[in-house]
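Have the coordinates open as you read.

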Amino acid sequence: MTTDAAAVPDWEMRFRAPRVSLPDWAEDAPDRALFVSNATGTYELYAWDRSSGRQRQVTDRPNGTTDGVLTPDGEAVWWFSDTDGDEFGVWMRQPFGGGEDEPAAPGLAPSYPAGLAIGRDGSAVIGRSTDEDGTTIHLVRAPGAEPVEIYRHRESAGVGDLSHDGTLIALEHTEHGDAMHSALRVVRPDGSTVAELDDTEGGTKELGLAVLGFAPVAGDTRLLVGHQRRGRWEPMIWDPVAGTETALPVDLPGDVGAEWYPDGSALLVEHSFEARSELWRYEPGAPEPVRVETPDGTVSGATARPDGTVEYLWSSAERPPVVRSTSGAVVLDPPGAKAPPSVPVQDAWVEGPGGRIHALVQKPAGEGPFPTVFEIHGGPTWHDSDAFASGPAAWVDHGFAVVRVNYRGSTGYGRAWTDALKHRVGLIELEDIAAVRDWSVASGLADPERLVLAGGSWGGYLTLLGLGTQPDSWALGLAAVPVADYVTAYHDEMEALKAMDRTLLGGTPEEVPERFEASSPLTYVDAVRAPLYISAGVNDPRCPIRQVENYVDRLAARGAVHEVYRYDAGHGSLVVEERIKQVRLELEFALKHLGGGAVVGAPGPEAA
């Protein structure tokens with residue numbers, strides 16, 4: 001990108017600044033790594049030979065590429081090729097040093113991905129999802145070999161991991177019909193079952209399991225799994241061959257995940273609690289874990305290297321992301337202008353109808369009340385954290401306070417909080433958002449006449465639903481890639497999301513029509529009074545365009561104040577300039593209808 005940095009406002013620089021993901025490295029060739037970067041203006045995959053320092057761009061597509069993995073020997077990169085962000089495609093294979101792409105499994109037709117595990121012998125286990133077949137999982141014994149189907153089920157499932165010697169395959173599945181809580185099955189390469197682990201008791205109990213990875217040691221059949229038996233996510237060791245389960249004394253509040261150190265002697269524990277995260281090292285058999293020092297903020301990913309050091313991607317709401325090492329070094333520092341900092345986040349705890357709600361607040365300089373954007377996260381099984389985010393920072397630069405609410409349904413606050421939104425989908429989350437809205441006004445933070453409800457994906461859905469069910473509460477709405485017409489969305493979306501909707505709402509639109517009606521923004525569209533801006537990707541398989549158009553047609557029929565922006569991508573864009581354009585359009589829409597704030601494109605506070 002050749003933009004003159006002196007003429008670019010801070011909010012745009014945060015998007016344009018070169019970024020890198022945490023590098024993934026080949027298990028048997030640790031100097032060969034793969035990462036994602038926006039260096040060209042589009043997020044693409046890059047190969048990195050750490051011994052020589054050489055980096056090269058692996059993929060180059062108009063709408064970007066982010067899904068890729070190295071083979072264990074580091075000789076090849078597998079990357080997922082879809083069409084313009086529609087998430088429907090095939091795995092391609094490219095030599096690590098460069099060369100022609102070729103289909104990695106030419107016998108498999110395009111599908112939505114459902115996991116991938118690559119063996120040391122050149123084999124691969126590939127998960128697929130289609131509307132016609134549900135989930136199928138295939139074994140490809142060598143590059144170019146004919147795929148062999150080893151699993152099939154209508155409900156959602158996926159490949160978890162492949163053991164070090166390739167003799168065991170761990171699968172996650174929801175055959176019991178609860179897409180929020182997976183069970184585990186370990187099978188042989190011929191598809192025969194070795195062992196099962198199911199905490200749902202056939203779907204009657206809402207406890208989930210997750211594959212975290214086989215021990216990275218030859219002949220070791222231990223599998224690290226995540227479980228919810230004590231009301232939160234935490235790891236344990238399951239040996240499906242020996243039939244043993246080993247609980248781990250990692251008694252930390254909040255959710256806990258883990259992965260193996262490369263020699264299998266210890267676990268790198270990732271701990272998330274109250275929108276922050278930290279790292280610990282635990283050696284099986286030890287009385288407790290030992291802290292791995294990281295700065296305050298959020299660790300978005302971490303990996304232990306063969307020499308025992310830990311590399312991690314860190315940021316805070318104030319400070320941009322950086323890949324660090326416990327050795328003290330910055331691991332991967334992309335060239336170019338750095339992203340300007342933003343303002344730190346402040347915690348707010350608000351009593352709500354379902355318990356105490358955690359919200360994160362950023363505000364500009366000066367005294368409130370401020371025009372305030374409620375930026376609602378997607379998922380819904382996700383949570384906002386003290387991590388760097390260019391979107392909220394842009395609003396702060398323009399004189400807005402930003403409030404992000406970890407409503408019921410969010411992760412990071414225990415299983416009961418995450419699971420609480422069933423059946424009254426959308427309405428429960430909005431009760432929590434309303435409680436935080438009332439607090440923001442009463443505390444003097446927010447101007448009640450200039451409150452913006454905004455979000456993308458599930459956050460976009462809650463924006464539309466909130467404008468219709470709480471029309472007196474919001475002055476303006478900004479909905480990106482939303483669910484707008486829940487019934488049509490269900491029929492048009494990818495199969496895995498149909499399964500999730502059946503779990504959330506208790507059935508299909510035909511089985512529980514009253515629940516779909518109560519939870520659909522289309523039901524309340526005629527009550528929307530606030531000016532509304534909607535953006536949508538025309539290739540989106542998660543929140544498909546037809547159901548958005550149904551909602552927009554209803555707005556237009558009654559002359560409601562609204563604007564719609566359609567772009568040629570899927571569930572969001574990987575092109576930096578497209579992201580900037582979308583934020584600029586939202587800013588312009590808000591400033592036009594609310595007044596106040598700085599001029600769009602003006603320098604942020606650091607440049608003033």
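The model is predicted.

**Nonpolar cores**
- The largest nonpolar core holds 54 residues. Phe374, Val405, Ile433, Ile534 and Tyr551 touch the most other members.
- Helix 5 (residues 458–469) supplies the largest share of this core, 6 residues.
- Leaving aside neighbours within four places in sequence, Val405 is in contact with residues including Phe374, His377, Asp432 and Ile433.
- A second, separate core has 39 residues, among them Val58, Val396, Leu478 and Leu594.

- Four strands form an open sheet in the order 5-6-7-8, with antiparallel pairing.
- Strand 5 (68–70) and strand 8 (102–103) are the edge strands.
- Strand 7 (residues 90–95) pairs with strand 8 over 2 bridges. Arg93 stands opposite Glu102 in strand 8.

**Salt bridges**
- The count comes to 46 salt bridges.
- Arg185 and Glu175 meet at 2.9 Å, N to O. Arg185 lies in strand 15 and Glu175 in the loop between strand 14 and strand 15, so the pair ties together parts 10 residues apart in sequence. Arg185 is buried at 12% relative accessible area, whereas Glu175 is partly exposed at 28%.
- Asp347 and Arg276 have their closest N and O atoms 2.6 Å apart. Asp347 is in strand 29 and Arg276 in strand 23, so this pair ties together parts 71 residues apart in sequence. Asp347 is partly exposed at 40% relative accessibility, and Arg276 is partly exposed at 23%.
- Arg566 forms a salt bridge with Glu549, with 2.7 Å between the closest N and O atoms.

Conventions
Residues are numbered from 1 along each chain as its sequence is written. This is a predicted model: local features need pLDDT of at least 70, side-chain atom pairs count only at pLDDT 80 or more; totals for chains, interfaces and linings use all residues. Side-chain values use heavy atoms; hydrogens and water are left out. A nonpolar core is a set of buried Ala, Val, Leu, Ile, Met, Phe, Trp, Tyr and Cys residues joined through side-chain atoms within 4.5 Å. Buried means under 20% relative accessible area, exposed over 50%, partly exposed in between (1.4 Å probe, protein chains only). Contact means heavy atoms within 4.5 Å. Two strands pair if DSSP finds at least two bridges between them. A salt bridge is a side-chain nitrogen of Lys or Arg within 4 Å of a carboxyl oxygen of Asp or Glu.
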